[in-house]
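Thank you for making the time this morning. I would like to take you through one model slowly, starting with its helices and ending with a few details of the backbone.

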Amino acid sequence: MGRFIVRRLMTSLVTLLISSFLVCMLIHLIPGDAASVMSQSSSPSPEQLAAMRHALGLDVPVLTQYLHYMEHLSSGNLGRSIFGDQPVATLLIARLPTTFTLALSGLAIAVGFGMPLGMLVAYKKGSFVDNALMMLAVIGVSIPTFWLGLMLVLLFSVTLNWLPVAGEGWRSMILPAFTLGFAYLAIVARVTRSAMIDVLGEDFIRTARSKGMSETLVFYRHALRPAAISVAAIIGVIFGYLMGGVVVVENVFSLNGLGRLAIQAISYRDYPLIQGFMLLFAAIIVTTSFLVDVAFAWLDPRISAR
Amino acid sequence: MSRQAEPPYELNDPLQWHSKKRSKIRLSWSVIVSGGIILLITLVAISASFIVPFDPNQIGVGQRLTAPGMDFFLGTDEFGRDVLSRMIFGARITLCVGVSAVGIGFACGVVVGAVAAYVGGWLGEILMRSVDLLYTFPDVLIALGLVAFLGPSFTNAVIAVGLSAIPYYARSTYGAVLSERQKPYVLAARLIGASHARVVGRHLLPNVLPTTIVLASLGFSSAVLAAASLSFLGLGAQPPTPEWGLMLSEGRDYITRAPWLVVIPGLSVFVTVVAFNVFGDGIRDLFDLKENRAIASRRFFYGSLRRPPRPIP
């Protein structure tokens, strides 16, 4: 177990290092001269350009640039937002709670509805419900998130007037969370279904049934845990993809989270802020997948033994 | 005299794939319906200039925000432009986006995957490790980062969507080339003196392409979806382009007064993406690629089948 954690930690750190290098190098993708693109005046003098280049750290070799970037990073300095005129880290941290709330509620909807649905369907293999779930899965991966969000607003806020379009409080979070979680609800359900079908075919289930245990008890005592482990394994991956969906959903519902900030930063060409955003998202995704994998190995010791 | 039963054969065996299976293909209704929708969209896109009732960018062909009716079949938008005409030209844009983005991702991905699998060694290791790394992150996020620095424009959005799909194609090509490389015909080609480039180009790739092309049809739908999302966020198509994602984004301010401006473009994206997904799935099942590919690649990447479908490297 210890060795597994260490090995998994090492790969996560390497992933983060490479991601940070790529994020640092993104600035070289800017077409033309980054300094002249980012300088405020329309026709900067050569001195101004040189000063800007120096301020951006572009006047040194690439590897030195990266080392500088990492040096700043280690002290929590992600640079200064050009237009917000505040440290990037401050801006990002202020928006973090909204994004996390949204992502976690989306995950809760995907797992909370997906798992019971998958378990139900596993008992009714090949039935109408089973086919409907397959269709729901196709719809889930095909529906444009932004359109689903607006359609829900049109139905529940504009027409039925049940839920607020925007504002504070948990009621205003219902539609965004559902929009975000919908695509993954069916995926979770399908994974649960196949895990459950596998488990129900195991010898220990047959033994439990043959000694006269009721089906309810078989389900709760013997089938639930191994099936849940298979689902836990994909939660890390799903969370990563939810974080991608967050960007769209926040912009549909005008939630002041990281995704909305990122789009604003892009439209203002606020490159340090975009870099900070990319790095933070990479860190969140890598950390979550690490934690989920460790939790998974703890639940199922066979994983770390491999 | 009764006919002899046909010997069992492997569906994925490249030698028989061409000769025998063609005549035995049986299409399911879902493939026919989705294929029909794709054909319809393609026809509309090709003949767009001839069938539009109005110029898609002509302002004020009707009253602002006219509801769908006899004069304007799908209504008009906030500038009095005909929504139907814009939707028709949007179909052309959507297909172009799909084809270009898939083309970019496919071309780069196949090269990366084939080189990594054929050359192997440290080069293969580095290539596939980087692909695994990129695979960790949602492709929308990668595309977003690329667009942010390349500058928001439609061309850049399409390039970014294409590049962000490289890991997907690279991984599938990698698995396919790796299993194909072991086969005797590759050794035979080498033995009669064919160069590495010739072995890859003339022998390996033609045998691997059917697999990867089927996967490309599935990649098409995610490319269309990602490009529409970027346009919706204002990072793709710019006004007055009649792009579906952008039209939806422009129409959202009028959602209460003119819901058709939001319903119609989104529905079109949805139907297109569903059609390509169902079609791709159907084709894949037809050639029985799912099981073999999934197992082969998973076994290779993780040494066992019990790992989750998309573990983090």
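Let me begin with a contact between two helices of chain A, where A:F204, A:I205, A:A208 and A:R209 in α9(A) meet A:E215, A:V218, A:H222, A:A223 and A:P226 in α10(A). Sorted by class, the residues of this contact are 6 nonpolar, 1 polar and 2 charged. Please keep in mind throughout that what you see is a predicted model.

As for the geometry of that pair, helix α9 covers residues 203-210 of chain A and helix α10 covers residues 215-252 of chain A, and their axes come within 10 Å and cross at roughly 160°. An angle over 145 degrees counts as roughly antiparallel, and the crossing therefore makes α9(A) roughly antiparallel to α10(A). The handedness of the crossing of α9(A) and α10(A) is right-handed.

The residues in the contact of α5(A) with α10(A) comprise 20 nonpolar, 2 polar and 2 charged.

On the α7(A) side the contact is made by A:T145, A:L148, A:G149, A:L152, A:V153, A:F156 and A:S157, and on the α8(A) side by A:L175, A:F178, A:T179 and A:F182. By class, the contact of α7(A) with α8(A) has 7 nonpolar and 4 polar residues, and no charged ones. The crossing of α7(A) past α8(A) is right-handed.

Stepping back to the whole of chain A, what secondary structure does the chain contain? There are 13 helices and 0 strands in chain A, and the C-alpha atoms of the chain fill a box of roughly 85 × 55 × 30 Å along the principal axes.

Now to the partner chain. In the interface, 53 residues of chain A are in contact with 43 residues of chain B, and the two chains bury about 4,300 Å² between them, with 78% of that on carbon and sulfur atoms. Within chain A, the residues that lose the most area to chain B are A:F146, A:W147 and A:Y241, which together account for 15% of what that side buries.

How many salt bridges does the rule find across the interface of chain A and chain B? The count there is 0, although the structure holds 8 salt bridges over all chains. One that I would point out is between A:D293 and A:R8, whose closest N and O atoms are 2.8 Å apart. Since A:D293 lies in helix α12 (residues 271-299) of chain A and A:R8 in helix α1 (residues 2-25) of chain A, the pair ties together parts that are 285 residues apart in sequence.

Finally, two backbone details. Most residues other than glycine have a negative phi, and most peptide bonds are trans. In chain A, however, A:S254 has a positive phi of about 50° although it is not a glycine, and A:S254 is found in the loop between α10 and α11 (258-267) of that chain. In chain B, the peptide bond from B:P239 to B:P240 is cis, with omega near 5°, and B:P240 is found in the loop between α10 (196-232) and α11 (244-251) of chain B.

Notes. Residues are numbered from 1 along each chain as its sequence is written. Chains are lettered from A and ligands numbered from 1 in the order in which they are written. This is a predicted model: local features need pLDDT of at least 70, side-chain atom pairs count only at pLDDT 80 or more; totals for chains, interfaces and linings use all residues. Side-chain values use heavy atoms; hydrogens and water are left out. Axes are lines fitted to C-alpha atoms, for helices over the stretch in contact, and angles run from 0 to 180 degrees between N-to-C directions. Helices (H or I, at least four residues) and strands (E, at least two) are DSSP runs, numbered from the N terminus. Angles under 35 degrees count as roughly parallel, over 145 as roughly antiparallel, 65 to 115 as roughly perpendicular and the rest as oblique. A crossing is left-handed if the near helix is turned anticlockwise from the far one by less than a right angle, and right-handed if clockwise. Contact means heavy atoms within 4.5 Å. Ala, Val, Leu, Ile, Met, Phe, Trp, Tyr, Cys and Pro count as nonpolar, Asp, Glu, Lys and Arg as charged, and the others, Gly among them, as polar. Buried area is the accessible area (1.4 Å probe) that two parts lose on being put together, summed over both. A salt bridge is a side-chain nitrogen of Lys or Arg within 4 Å of a carboxyl oxygen of Asp or Glu.
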